[in-house]
Amino acid sequence: MTRVYQVPHQAFGWLVGGTLLASLPHLWSGPVWLQLSLPLLLGWRVLAHRGRLSLPGRNVRVLLLLGAVLGTFYSHGTILGPEAGTCLLVAAFGLKMLETFRFRDARVVVVLGYFVLATAFLFGQGPLLSLYVIAVMMMLTAALIGLHHPRGVGNAWRHLRLAAVMMFQALPLMVVLFVLVPRIEPLWSLQMDEPDARTGMSDSVSPGDIGRLSESDEVAFRVSFEQGVPEYRERYWRGLVLSRFDGRTWSRADNAAVDAIDYDWFPREPEPPWLHRLREARQGEEYSYQVILERTGRPWLFALSVPFTDGENRNIGMTRDMRLTHQGDVNQRLAYNVRSYPRAARAMDLDERERELNLRLPGDGNPQARERARALRAQAESDHAFAEAVLRWFNEEEFHYTLSPSRLGDEHIDEFLFSTRRGFCEHYASAYAFLMRAAGIPARLVGGYQGGEMNPLGNYMRIHQYDAHAWVEIWLEPAGWVRVDPTAAVAPERIEFGLERALDERGEGRGAAGVFSRWRENPVLRGLGDFTDYVQFAWQNWILAYDRRDQLALFEQWFGGTSPWRVAVALGIMLGIIVLPLALWILVRRPRYGPLQREYHRVVRWLARRGVRPRSGETPRALIGRAAVELPASAEPLRAWGSAFESVAYGADGGNEQAWRELRRAGRALRSPIPGRSRSRPGDGEQAHSADSER
Amino acid sequence: MQLLEQSLERVGRVVLGKEEQIRLAVACLLARGHLLIEDLPGIGKTTLAYTLARVFSLEYRRVQFTSDMLPTDILGVSVFDPEQKRFHLRKGPVFTQLLLADEINRATPKTQSALLEAMEERQVTLDGLTRDLPEPFFVVATQNPVTQTGTFALPESQLDRFLMRVSLGYPAPEVELDLLAGGGERSRTISVEPVMDAGDLLQVMARVEEVRASRELLDYVQRLLDYSRTCGRFAAGLSPRAGLGLLRAARAWALLAGRDYVIPEDVQAVAAPVCEHRLQAVSGAGARGAAEELLEAVAVVR
Amino acid sequence: MAIRERARQLYARWLNRRLPPARSQQLNQRSVFIFPSSYGFLYLLIVVSLFIGGINYENNLIMALAFLLVSLFVVAILHTFRNLSGVEIRAGGYESGFAGDRGSLEVVLTAADGHPHRALEFRWPGGQGGELSVEPGEEKSLWLTVPLSRRGRIHPGRLLVRSTWPLGWLRAWSLVDLDHRCLAWPRPLPGGDCPSGGGDETEGRRIRVQGSDDFQGLRGYVSGDSPRLVDWKAYARSGDLYTKLFADPAEGWLWLEWERMTGQDAETRLARLSWWVLEMERRRRRYGLRIPGTELAPSLGVDHRREALDSLALYGES
């Protein structure tokens, strides 16, 4: 059995603490067996350090490792990939602690700790997590310092301080590297596993779906406008278009139907005619903005109508139903630039197959609703008047906008329209679209968000999950697709001021989430909320979203080009600017002497140049006495300085300004080449010599 | 100030050729510390203690320690008084102003620690009653070289209670000649006249506390302590108590030199007697004195 | 082989130019070298893998962390360098030994630049290493062993000073020639006739093996006297302790002479003389020494013994 290496006491705390804290983010979401076993392993190590327990032998360790591999396989179904990989890494990391037999092992634990710490960023990237990572990194560094500290005395807090100082010194260099080191395209594509939980809009809307979303206070996405901010009632963030209705649920048209009409386009593909027409129609109102979308785990993107991308991100394409779409699911935060032209919609045509798709209803069911649609259409002069009439009906009759609608049976549109009459936006949108189709007007459901709250700090808008909304688009000649929001007919406040206000007026709240949002009416809390959200936003905007494109723009702006040599030279110069002062600071900086020590050492240097070196442990008085003997020419000013020094350093009038002046004067007189009292002696070679050497 | 000079000179007339040690002993007394003299018998320890007592008009007692001594022999004991039918405390020799504890290492550890505790606390607890010792209270203990048989070396923690340890050593040849020529010590001792009374002495002691120790000087003392703890040459570094003692002794030394502030020389002068008995060199360290090593290794001005 | 030898010579000459011998040296930019340690390379490997990971996952924070770690490495270079640079190393005392054994040399450290210097490792070529730290205002010393391969004045070569403080990723080192020497005494070779001629005694007579101590008398016991010298018989008789005194015989000194050892080569003569010096000391017999170029008056004791051995060690050396 190998003897346990005694990790130096001052390093042990940081080592164990750093190990535990480095693994903590993983433990949080990790499998239970990992959560249980890691503290156990660390506890084992602590007891071994105290001499209460012996460390396990090789066989036990191999068994434990095998257990970790099996556990990982059991929890993740594989031992490869980021999630399973980090799980295994953390387990192995804990096991390594049991193996710190030698100095070398302890050092390896620290380096592994850095690595484990970094993998925390695979699963979260908030500013708080980053601060946490920095703090733990400091602890690990302090452990490393403790490991290298000479045997015996060592102060753990001083080690932490040194670690902090070193990190602080490293920061400017890191910033330069981060900004300027050229970003390379991924060497091979690595995608994170499908995230477990998808949030936000799903790809179908049934009654109650959106109502559930309104419970959530999470931010869905943030938008910063470069040009023009739309009115509240115009903030319709279209996400997906639902054309298929099965009598209860609205969902997206199936692929076969969609492919036939040249549905989508991605940059670098040839432009389909509809896109060309849309582009031609860009005029009138214009909104230019950037959307920073939280992870959704779904491919659709949100934008105002009619959105155009700048084509920078090749994964973002446009669709025929005037949406943006992402190739592959959005599994990380995504930032994209959009320009929207609301008027361009009229340039879109309606393909025959599309018309057919947007008129299709189930063969039977909801007879009352169909009957009412036919009746109203017959009364109306035009499709347009009919659409208006239905809205009026919603407005005038006893329809209620509520988060707690009554349960609906099979014929749920009939039930909703003619008996319960209590519903949330999706009920109204669904019923309205049904009525339109029943009357022969192409109609489709649009899912997305309506609203958005400006943050005065940073001037950006935040859209929450509770802003989720559904509305309808109908095809009217000659205007094309027209947005109709039946909710506005029932609860205009929802559209003008948001959900909170609409529910308030109806004496409803959003449950627990609502209580929380009530607190936000307090100006202080609101300000705090704005601030934290702003930090999030800035973090996202400046750090997480910083990419190759920003970098190239920066090169262009600062160094006037992006050619490799230019970048290399710029990088070199910037590094020089950072590293040189740092090197000077660390290497050349004299230790901080007090004014008294400075005065003393100046004279000591003066004496050293004349061959009088202080002996170890010599007192100032003894040194001056000896020097006065060895340099008789300067004996007098030396003695004067000596007594002045003694009275300042030790005497009763230590802090006295007068004594200080006396000391400085004596120092100057001593070093001065100008003939002074000491110069009266003849043949004073010493003084002549000193004249040259003193500056 | 003159009184101090005068007393030094008086003592010096009796204890010949030991100016340095006398000065240290007086400094120790002024700093309210206790003195340990380590020497062979017959060197003049008793004379030194007795003369000090005379010069400062202190009440003087002498206790010869033996291995069969009990703590009560020093502290005192309650005796039953048959006439008054009650217990009555008979104070031990410790109730005096200057106690010469001769050959302290001949007593058993139990007895030793009784005395040392009294020295530290400056009071004695007997039968649950606490009695203060007189002011000033000064112990001069003597110790024979520990290699002799039948002795109990003072443990390190107890040594710490003595502010200084000095050794007198044989007299220099010319002094010895005078000594031989001048007849017995006794005659000279008896002729010593007091210079101060106890009240004067207490006043001087109070002035020791007022001697200024500048930041710069404290820094120096601190670095000395720090070095003794971190250099790895000593089994244990100097304790905070040792540090305070060093500073107090340096103050007294400065006062004896007629200064009202401490300079590094004062610290260096008392460093050896204050520190050496508290520092135990780890085996294999050089033969130089611990204090000497300390003083050489630590720069006076940072 | 020849090429390697040549390279070594060139290296030694270059070192000599760069770091000329001196009894006292303050390490500076010219004399300190620095290179990552193997642990440093492991660290860099981890950093590079983090960087690649950051690129592949397009994760800015992992990349930023990799940059921070790289920057920390750069900062560590400066700290490690400064830890060695500025320290002043002086040659201290020496302790000689017999050829084939070990001698030891003292190095003295001061933090001449006012910065602390921690966890410095010292080693003479072939000797054992030692570790030392020095704080500003302190002077510390360290005794380090050197192998003594042959008789004579030994120059131990260049002192390796090394440190990986504070993070162990980098190793800064210097090779200083402190111009430090120690003496290797001739290894004692037992036996042979005593090459001596006593003062009054007949030349070439073999010395008495026993009884060289002449009993002189008794004196009172003084503490510190060796119990072996106590006259226990007297104690039994009288109850008082007495110490026996011995004196050397008046004629009891002799000369160990080079000239008397004919037919042996120089090293053998020195080795035998060395043994006889020790033997004389063991027998507490005063002796003098005559070898070409040196004459040592008869005496006894530790100092004398060292002087005698030193002059034997220095035979034939300037």
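Two strands count as paired if DSSP finds at least two bridges between them, where strands (E, at least two residues) and helices (H or I, at least four residues) are DSSP runs numbered from the N terminus. This is a predicted model, in which local features need pLDDT of at least 70, side-chain atom pairs count only at pLDDT 80 or more, and totals for chains, interfaces and linings use all residues. Residues are numbered from 1 along each chain as its sequence is written, and chains are lettered from A in the order in which they are written.

Chain C holds an open sheet of four strands in the order 1-3-5-8, with antiparallel pairing. Strand 1 (24-26) and strand 8 (139-147) of chain C stand at its edges, each with a single partner strand, so one side of each has no neighbour in the sheet. Strand 8 of chain C pairs with strand 5 (residues 102-110) of chain C over nine antiparallel bridges, and within this strand 8 C:Ser141 is the bridge partner of C:Val108.

In chain A, strand 3 (residues 236-242) has seven of its seven residues buried, so it is largely enclosed by the rest of the structure; buried means under 20% relative accessible area, with a 1.4 Å probe and protein chains only. Strand 3 of chain A pairs with strand 15 (residues 443-450) of chain A in the antiparallel sense over six bridges, and A:Leu240 stands opposite A:Gly447 in strand 15.

A:Arg421, which is not a glycine, has a positive phi of about 60°, and A:Arg421 is buried at a relative accessible area of 14%.

Methods: Heavy atoms only, no water. Buried < 20%, exposed > 50% of the residue type's maximum accessible area, 1.4 Å probe, protein only.
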